[in-house]
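Take a look at the chain below before reading on. The report then goes through its backbone, its salt bridges, its surface and its cavities.

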Amino acid sequence: MGKKTRSERDDPPPDQRTGCPDIPGQVVLVFQGGGALGAYQAGVYQALHDAKVEPDWVIGTSIGAINGAIITGNRPQDRLARLSQFWDGVARHDCGTAGWLPGFDNWMRDLAIVTQGIPSFFAPRPASWTGLHAPVGADQAAFYSTHPLRETLASLVDFDYLNQKNTRLTVGAVNVCSGRMRYFTNRDNPMDVDHVMASAAFPPGFPSVRLEDEPYWDGGIYSNTPLEAVLDDHPRRSSVIFAVQLWPASGPEPASIWQVMSRQRDIQYSSRAESHLERQRQIHRLRHVIRELGRHMPEALRESAEVKELLGWGCGTTMQVVELDAPRFEGDDLNKDIDFTSSGIRRRWATGYEDTARVLQQSPWRDAPDPMEGISIYRMSSPTG
């Protein structure tokens with residue numbers, strides 16, 4: 001096959017791209033939910049930013065939606081500073097035994113978060129602990145108030161800029177009543193703070209948020225790896241997708257009830273990435289097969305209305321998925337996603353940066369993908385841990 005023209009690749013023109021010239025197609029970041037683990041995503045973005053690679057599209061749920069909104073809701077030169085403001089604001093000073101008794105340190109950390117919340121993120125609702133059956137409505141039925149997060153997002157995200165569509169943002173939320181996942185994107189309709197809040201409304205800790213008069217919860221309880229948003233997008237565009245995985249899909253055999261509970265959460269929230277990719281591989285291969293069949297047809301047959309409609313199901317786009325897997329650190333436990341200690345945040349941010357810098361150096365997307373497959377997957381695991 002010869003070299004593709006720009007129109008066949010459907011890449012944006014050079015004056016609209018800030019990324020590296022050797023990355024084919026659009027650059028997409030896919031961010032999972034995972035609370036404090038999301039500091040790793042900030043490190044991923046910083047490494048891309050330092051390499052002058054800015055995303056064309058960010059897709060996220062929960063903390064991934066928050067990071068995504070901060071990135072897409074600011075000009076490139078301001079994004080890193082705003083991310084730092086957010087993570088500095090939620091960081092808690094380390095306390096306890098300074099590592100001498102890590103189990104006790106973790107317990108003290110968890111107790112402080114549960115009882116005090118985080119001033120710039122969420123605050124306890126003491127009445128909720130004694131009123132579990134009180135019919136307060138979905139907008140109030142939660143252990144914490146997220147009003148502090150609303151104020152934080154309003155100060156860090158320029159929604160006017162976001163809705164100029166300089167960079168696309170998509171956030172996932174699940175309808176409380178129908179149980180259906182829905183993706184909201186600034187490409188189709190204006191977005192505001194409620195869309196981000198809804199994607200981060202993890203129950204029963206956080207209350208639901210109303211969008212179009214319907215209550216929505218954190219999309220992570222339905223699908224914590226929102227890959228389908230880009231793989232099912234229409235019209236499809238060739239993409240290099242940085243899928244940032246915060247929860248390890250594989251891990252050692254647990255030996256205690258506590259380890260069982262921790263492993264169960266890893267499996268639950270690493271959720272569906274592999275099955276999504278396998279399904280999409282099959283679908284994308286069929287799209288490429290349809291395209292190839294069309295090339296073997298006589299031109300007169302290809303031009304008939306019936307055949308044109310059928311051939312419309314084919315495509316020649318390529319999706320190159322780079323999976324960045326956050327490592328499992330020593331001391332990580334069941335509640336690692338509420339490790340908002342300043343040292344924990346710094347460690348995860350630095351590791352995200354190092355892992356992404358290594359990926360950029362290797363640039364696996366330079367290898368031509370199989371023309372009949374359409375989807376290539378590169379798994380880049382961190383050596384840290």
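Helices here are DSSP runs of H or I with at least four residues, strands are runs of E with at least two, and both are numbered from the N terminus. With that numbering, P204 lies in the loop between α8 and β7 (209–211). The model is a predicted one.

## Backbone features

Most residues other than glycine have a negative phi, and most peptide bonds are trans.

Start with the prolines. The peptide bond from P203 to P204 is cis, its omega near -5°. A cis bond also joins H234 and P235, with omega about -5°. P235 sits in the loop between α9 (228–231) and β9 (239–245).

Now phi. K165 is not a glycine, yet its phi is positive, about 65°. K165 belongs to the loop between α7 (159–162) and β5 (168–175). Its relative accessibility is 48%, so K165 counts as partly exposed. E212 also has a positive phi, near 55°, and is a residue other than glycine. E212 is placed in the loop between β7 and β8 (214–218). Is E212 buried or exposed? E212 is exposed, because its relative accessible area is 61% and the cut-off for exposed is over 50%.

## Salt bridges

How many salt bridges does the count come to? The count is 14. Three of them are tabulated here.

| Pair | Closest N to O distance |
|---|---|
| R150 and D194 | 2.8 Å |
| R358 and D355 | 3.2 Å |

Take R150 and D194, with closest N and O atoms 2.8 Å apart. R150 lies in helix α6 (residues 147–156) and D194 in helix α8, so this pair ties together parts 44 residues apart in sequence. R150 is partly exposed at 28% relative accessible area. D194 is partly exposed as well, at 22% relative accessibility.

Is D355 buried or partly exposed? D355 counts as buried, because its relative accessibility is 2% and buried means under 20%. R358, by contrast, is partly exposed, with a relative accessible area of 26%.

R187 has 31% relative accessibility and counts as partly exposed. D188 is partly exposed too, at 45%. Which residues make up the network that includes this pair? R168, R187, D188 and D233 are linked in a network of salt bridges.

## Surface and loops

F104, W107 and L111 form a nonpolar patch on the surface. Together these residues have about 310 Å² of accessible area. L111 is found in helix α5 (residues 102–116). L111 has a relative accessible area of 38%, so this leucine is partly exposed.

Two loop residues come with C-alpha distances. D192 is in the loop between β6 (181–185) and α8 (193–199). D192 is partly exposed at 35% relative accessible area.

G137 has its place in the loop between β3 (123–124) and β4 (144–145). G137 and P207 are 70 residues apart along the chain, and their C-alpha atoms are separated by 9.4 Å. At 38% relative accessibility, G137 is partly exposed.

## Cavities

Rolling a probe the size of a water molecule over the atoms shows where empty space is left. The count comes to three cavities of 30 Å³ or more. The largest cavity has a volume of about 40 Å³.

Which residues line the largest cavity? The lining consists of L37, L246, P248, A326, P327, R328, D332, K336 and R348. By class, that lining has five nonpolar residues, four charged residues and no polar residues.

Conventions. Residues numbered from 1 in each chain as written. Predicted model: local features only at pLDDT ≥ 70, side-chain atom pairs only at ≥ 80, totals over all residues. Heavy atoms only, no water. 1 Å grid on protein atoms, 1.4 Å probe; cavity = no way out; pocket = protein on both sides within 12 Å on 5 of 7 lines; lining within 4 Å. Points joined across faces, edges and corners; volume = space filled by probe spheres on them. Nonpolar A, V, L, I, M, F, W, Y, C, P; charged D, E, K, R; others polar. Patch = residues over 30% accessible without salt bridge, like charges linked within 9 Å, V, L, I, M, F, W, Y side chains within 5 Å. Areas by Shrake-Rupley, 256 points an atom, 1.4 Å probe, with all protein chains shown as cover. Salt bridge = Lys/Arg side-chain N within 4 Å of Asp/Glu carboxyl O. Buried < 20%, exposed > 50% of the residue type's maximum accessible area, 1.4 Å probe, protein only.
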